[in-house]
Amino acid sequence: MSHPNFTASDVVKHRQRTFLAGLAGAHATRVPLPPALTGTPYPPNYDPTNSQWKYLDCPPGQLGVIRLGGKDIDLLRLWQIVTQLGGGQKITQQQNGWAQVAHQFDLPEYLPHLSIPGQQRPVGQILGPLYTAILHPFDEFYRRNMQEGNNRRAMMAGRQPGVNTGPPNVNTGPGAPHVGSQPGAVGPNAVGGMMAQHTVNNQNSTISPASQSQPLPQSPHLRQSSAPNFQPPAIPPDPTPQASSQLNTSISAPQLMKPTADTSEPETQGMKRRLDSEEAEGKRARQKTDPPDTTETTDITTPHGSVPGAPPSRTQFTRTKVEYIPLSREIDFTGGRDFNALEEDYLRSQRRPMRDINEWGTVDIEALTMSIRSRLNAELSYALTTITLLSTMRGPTPGSGFPISQCTDLLEEVLDLLEEEAFGTTPDITDYRLGNGAEMVRHRALVDDVFEKESMLFAGLEIRDPQYETRGPGHRAGNIVLAVTNLIRNLSVTPDNMPCLARHERTLDLVLRVCGITVSSDGTPKPTSPALALSDVINVRKDALHIFGNLSNYIVFPNPNSPSNTTTLTASRILEIIASILIEPFDSVPPTQFLKQSGVPFPHSRPSSVADLALDVFTRLGQLDSNRQVFSRVMPQSLIWRLLESLVHRLPVSDLDFAFLGRDPWLSYLEKSIMAIYTIAFFSPPELKKKIKMDRPMCFSQVMVRIVQRFVSMGGSPEVRQWHLAVARRAVEAMKVVDEEDDAFDTSQSTQTTLAFGMGFIDGSDSGIEKGIGLLASRRDAAWELLMRDLDPVMFSELESLMRVEC
């Protein structure tokens, strides 16, 4: 008969169920355990409200588990650990014995007192009594029946020589019975069998001799372990008081019934006929020298009419029916997936300890370089994982980390890998400029496109690898590109690596090239790299903004008067990414309108993280005049106007808008917006400045002067007031740059002295008089009110110049 193949988890579950059944039976005549713990329901007419177990914390759906100190304790595992250590009494006698057991379950040293709030007790004083109350009755029940089984086996072994005396050639043929241990004898792995035997004795059923002499067959698929292995007990789930008393009686004093001749006669005759047909020559009867023992069951039954002491005519046998009951495997499938198995794997992964960085040992940089150069999947996986971990390390001194400047070969190999995986052998373009009036792919349009595709039915089954049909087995090229850009981003955080990466033109150029987006013939955007999807490009663009945000203080575009193609290409690509985020009409609204669109409560409202990051990169790159000059050469006037208009629309206007500025994220966002407006006004050509000054729909001067008024009049501590005055100074500075209407980079004529911030109109020692009408000439009342404030001399001179009127 074929046996089912059981897995280790099936055996563990069966052992757990058997243990819980025995535990419930041990407490059946005492105080029944909760069904949430053992799975056995309460007896009829039992009131659980007065039970002493009502304080137990039993997690729902987890049989055999109690919760103590926030940790789950498996009772079967607890009993096995205590049994291996010598029992509960021995552990109690040892110093800190129960504390060592509690350490096996990751329990803390102290737990809160159950009856006295605010006090704590050692965990050993709680775990020891808990074991005594729950598992000690079962432990006594188990050990008592083991001892009884051993005594019965010793008794049978002592009587057997007198029973089986006779000629040595008796019962040697096929079918002869094998004399062994009783199946009812209890060993360390047969608690369930012991309990079943006592149930049979309690029912006063007759036990045949063969059923006692022949061992039960064991399944070859169940391996014996050091821990006790349980068999299913034959205890009814709802024992009545009468049955419980019978059970105790049978356990304390087991009775062995004498088999009757009438019951065994039919089986004896059948066995005789079968033996006669199998044995051709027959067998001689076994002589019996001792009288039959009527106090216990033996392997020999005396036929009718035989005289005690006389040899029987033939040895009598009985047939034993062997029944194989397979273990049932509980499977709960939902949607084609076994949730129980998934939960077990998840819990197993959580228990897996995290690898420490010291397990990597000494890392050979040359070996990492060769691993990347080999392009083997296993070597690439190891090398990229190791370098990523190294990039997150910090040195012993502040600002130190993995020195990429000392590993130039490794950096070049990483960049070669990035270029090969992203573009293959396709060369980069040599001339790239932002088109004048060309439609730019906005960042939100990319996000909406990806969101729409991911929201479609069965979107998760679609293949997102553009090179799936052409590439062989191995890593997806897009994943390698994402890993490399993340690696460069980690390296750019370390201050020691910032100058090296900022001067490495290939690093910046490759990162920006991967971020490229083109428009197909049908008008849909697609990545420039054939290995990436749109979702990958969105992630790469965020990494690129973080990289340039970390390196912006060290990036200096060389030769601004006639920049090279590489410089023009880098400046154009970073400005395209920044402009695609900032020119979005949906986000170009005041703070109050932005709050209504996002639906986030006011206490948790924050500006757009992507827009804030883009503003930070733009303002940092635009601090140097050389970088501003390069921006003015690569950006067309249409793009400059759209970018300035979008930034002005983001500024606060109403009183509700200014209420947001009491929070640091919004105040920082406003300061970056005004600084970006100043940067754009600085490198704008004179004709564009005149357009900004005269354009009525934009209301540039009205919005800016209102910001100055609010921030100059704000109170607070001296430190907070300095932050507010810094925003007001930048707003006045931007208005003054627009008011001059000249080319800031024209060195053909003498220029006036630059003030501490922005562009000054005259020097204090110059007796020249400015001509024309100032930007605030039509708002002289507001300007006079500002001049009455306590302002510094530079800001006072700027405002006085802006309110001039030509006579």
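Modeller: At 44% relative accessibility, arginine 373 counts as partly exposed. First, the ground rules. This is a predicted model, where local features need pLDDT of at least 70, side-chain atom pairs count only at pLDDT 80 or more, and totals for chains, interfaces and linings use all residues. Residues are numbered from 1 along each chain as its sequence is written, and side-chain values use heavy atoms, with hydrogens and water left out.

Biologist: Why is arginine 373 called partly exposed?

Modeller: Buried means under 20% relative accessible area, exposed means over 50%, and partly exposed is in between (1.4 Å probe, protein chains only). Arginine 373 has 44%, so it is partly exposed.

Biologist: What makes the contact of arginine 373 and glutamate 413 a salt bridge?

Modeller: The rule asks for a side-chain nitrogen of Lys or Arg within 4 Å of a carboxyl oxygen of Asp or Glu. Here the N to O distance is 2.9 Å, so the pair passes. Arginine 373 lies in helix α13 (residues 365–374) and glutamate 413 in helix α15 (residues 408–423), so the pair ties together parts 40 residues apart in sequence. Helices are DSSP runs (H or I, at least four residues), numbered from the N terminus.

Biologist: Is glutamate 413 buried or exposed?

Modeller: Glutamate 413 is buried, because its relative accessible area is 11% and the limit is under 20%.

Biologist: How do you know that lysine 689 and aspartate 742 form a salt bridge?

Modeller: Their N to O distance is 4.0 Å, and the rule says within 4 Å. Lysine 689 sits in helix α28 (residues 686–694), while aspartate 742 sits in the loop between α30 (718–740) and α31 (780–787), 53 residues apart. Lysine 689 has 1% relative accessibility, so it counts as buried. Aspartate 742 has 32%, so it is partly exposed.

Biologist: Which residues do salt bridges with shared partners join into one network?

Modeller: Glu412, Asp416, Glu419, Asp428, Arg506, Asp509, Arg513 and Arg573. By the rule, the count comes to 27 salt bridges.

Biologist: What makes the span of helix α29 close to the expected one?

Modeller: The expected span is 1.5 Å times one less than the number of residues. Helix α29 (residues 700–713) has 14 residues. From first C-alpha to last it reaches 20 Å, close to the 20 Å expected.

Biologist: Which residues of α29 are buried?

Modeller: Among them are Phe700, Met704, Ile707 and Phe711.

Notes. Helix = DSSP H or I, 4+ residues; strand = E, 2+ residues; numbered from the N terminus.
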